[in-house]
Amino acid sequence: MDLLYQIVAHYNHWITIFLMVSGLYIVVSRGNMVKKLVGLGLFQTSVYLLYLTPGKILGGTPPVLSPDFSVYSNPLPHVLILTAIVVGVATLALGLALVVRINEEFGTIEEDEIFAGDEDE
Amino acid sequence: MVLLTLLAAITIGIIRMRNLFAVVVLGGIYSFLMASVMIVLDAVDVAMTEAAVGAGISTVLMLGVLHLTKTQESKPKHTPLLPLFVAVATGAALVFGTFDLPPFGLADTPVNLHVAPYYLENSLRETLVANVVSSVLASYRGFDTLGETAVIFTAGIAVLLLLKGKRKLKPGPKRRRIGR
């Protein structure tokens, strides 16, 4: 019973952590740069989940004020994450532009091949 | 809970796939799932943004880059054991930390009792906007949003510089082509 309670109480946190470490794993273990950026994206979205989870109140409604409701979820994480998403896509675009330039310069987007090409010189 | 489990399943798919096209499409599905989770968590504004930006713009950008580069990831050369160990160790430490967090969905947690009630009570009177998220974003934190716009502007300029400046580069000894 206690275990079941822990699972229900912390399931969001655990999935958040799983997404976070998967993002970390992809970034560290994969040499392909597009894959690395996807991993960074996973990491980033897990942080969104981390912020939004504690703001939710069971039985609450979205924070749009109305006389019909009295319990609202916490609006502040929403604001922070809204900003984070938009900045995130800006950095993603920058990273992808760098990948395109690297591909033009070296003809590959694999880290290992770039390093190998450097050593040949 | 179902949505969250689906998210985890898609993540495993993203890790295992080596076809980057499939990875990007899975990333789009992931973003839409994340947007659904956000709706369940009452973050409707964030869900709309995530669906538009995460599943829309990001996917299009990724597909554009795949068109310019290549869509197949090569086999990883070194063993993934060390990264796996780092990831599992970090995850275990974080899971251990979650047992001290307040359970999901309670109203009387420190997060929900600090400054949030002030905005819920006063923002309608002070800004005349019913949507608290909009009023905080555009009014209370207006300068932060201005700074965010500056960040996007800078990123846009940087992208343009990176992609447009390529023709002017003189073909020095560093330039070489391995593939293509």
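1. Let me start with the core. The largest nonpolar core holds 61 residues, and those with the most contacts inside it are A:Val34, B:Leu7, B:Ile14, B:Met38, B:Val46 and B:Met62. Such a core is a set of buried Ala, Val, Leu, Ile, Met, Phe, Trp, Tyr and Cys residues joined through side-chain atoms within 4.5 Å, where buried means under 20% relative accessible area with a 1.4 Å probe, protein chains only.

2. H3(A) gives the most, with 11 residues. Helices here are DSSP runs (H or I) of at least four residues, numbered from the N terminus.

3. A word on the basis: this is a predicted model, in which local features need pLDDT of at least 70 and side-chain atom pairs count only at pLDDT 80 or more, while totals for chains, interfaces and linings use all residues. Residues are numbered from 1 along each chain as its sequence is written, and side-chain values use heavy atoms, leaving out hydrogens and water.

4. Now chain A as a whole: it has four helices and zero strands. Its C-alpha trace spans about 70 × 40 × 15 Å along the principal axes.

5. Of the 121 residues of chain A, 60% count as buried. Among its contacts (heavy atoms within 4.5 Å) between residues at least 6 apart in sequence, 47% join residues at least 24 apart.

Note on methods. Chains lettered and ligands numbered in written order. Helix = DSSP H or I, 4+ residues; strand = E, 2+ residues; numbered from the N terminus. Buried < 20%, exposed > 50% of the residue type's maximum accessible area, 1.4 Å probe, protein only.
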